[in-house]
Amino acid sequence: ILSGIVQAATGKTMSDYGKDVLFDPLGITNLKWEIYKDGVTLGAFGILTTAREMAKIAQCVLDSGRYEGNQIIPQDWVTMMLSPKVTGLHDDLVFGYFWWELPSKGYHFMWGHGGQYAFIIPEKKMLVVITSLTQLDDDVNIPISKIIGIVDRIAETAD
């Protein structure tokens with residue numbers, strides 16, 4: 001629905017709008033965003049890209065919307081995007097605008113199909129990108145609690 005709203009408001013598909021306002025300014029070129037048969041971009045998912053490209057988005061969010069000295073995402077939007085909108089989810093996770101948070105640890109992260117993650121750890125000014133092979137029959141073989149355990153161990157190295 002959100003993708004259709006953006007398309008109606010801007011006259012561009014979500015993928016074209018995203019390219020103009022986010023992906024091109026971040027230098028993201030290795031990207032494919034799935035499109036429905038009616039020409040509307042999948043809104044909440046369907047982006048195929050690399051770990052390095054995911055890291056660029058995470059770095060921009062970690063830096064309050066800035067990337068290489070330029071304000072790409074308005075800082076107030078980053079704050080709103082990372083603020084909890086839905087609580088009471090599994091493993092004490094909360095959800096903002098397409099970003100998850102684990103409040104007890106201060107982690108924010110993108111969570112993609114099959115085990116694709118980009119974590120930001122503001123306290124340590126650190127990001128962690130994890131990719132895995134998607135399973136056709138199941139979303140991912142590694143539960144989020146184990147992924148968080150891996151991120152914990154990586155974050156401990158920054159002490």
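# Surface, hairpin and salt bridges

User: What is the relative accessible area of Met-80, which counts as partly exposed?

Analyst: This is a predicted model in which residues are numbered from 1 along each chain as its sequence is written, local features need pLDDT of at least 70, and side-chain atom pairs count only at pLDDT 80 or more, while totals for chains, interfaces and linings use all residues. Side-chain values use heavy atoms, with hydrogens and water left out. Met-80 lies in helix α4 and is partly exposed (buried is under 20% relative accessible area, exposed over 50%, partly exposed in between, with a 1.4 Å probe and protein chains only), its value being 38%.

User: Which helices each supply at least two residues of the nonpolar patch?

Analyst: Met-80 belongs to a nonpolar surface patch of about 730 Å², together with Ile-1, Leu-2, Ile-5, Trp-77, Tyr-97 and Phe-98. Such patches take residues with over 30% relative accessible area and no salt bridge, joining nonpolar side chains within 5 Å and like charges within 9 Å. With helices read as DSSP runs (H or I, at least four residues; strands are E, at least two), the elements that each give at least two residues are α1 (2-10) and α4 (75-82).

User: What is the bridge partner of Tyr-117 in β9?

Analyst: Strand β8 (residues 116-121) and β9 pair in the antiparallel sense over five bridges, where pairing requires at least two DSSP bridges. The two strands form a hairpin with four residues between them, and Lys-125 in the turn has a positive phi of about 50°. Within β9, the partner of Tyr-117 is Ile-130.

User: How far apart are N and O in the salt bridge of Lys-12 and Asp-20?

Analyst: The structure holds five salt bridges, each a side-chain nitrogen of Lys or Arg within 4 Å of a carboxyl oxygen of Asp or Glu. Lys-12 is partly exposed at 34% relative accessibility, and Asp-20 is likewise partly exposed at 40%. Their side chains meet with an N to O distance of 2.3 Å.

User: Which residue forms a salt bridge with Lys-56?

Analyst: The closest N and O atoms of this salt bridge are 3.1 Å apart. The partner counts as buried, at 5% relative accessibility, and is Glu-53.

Technical notes: Areas by Shrake-Rupley, 256 points an atom, 1.4 Å probe, with all protein chains shown as cover.
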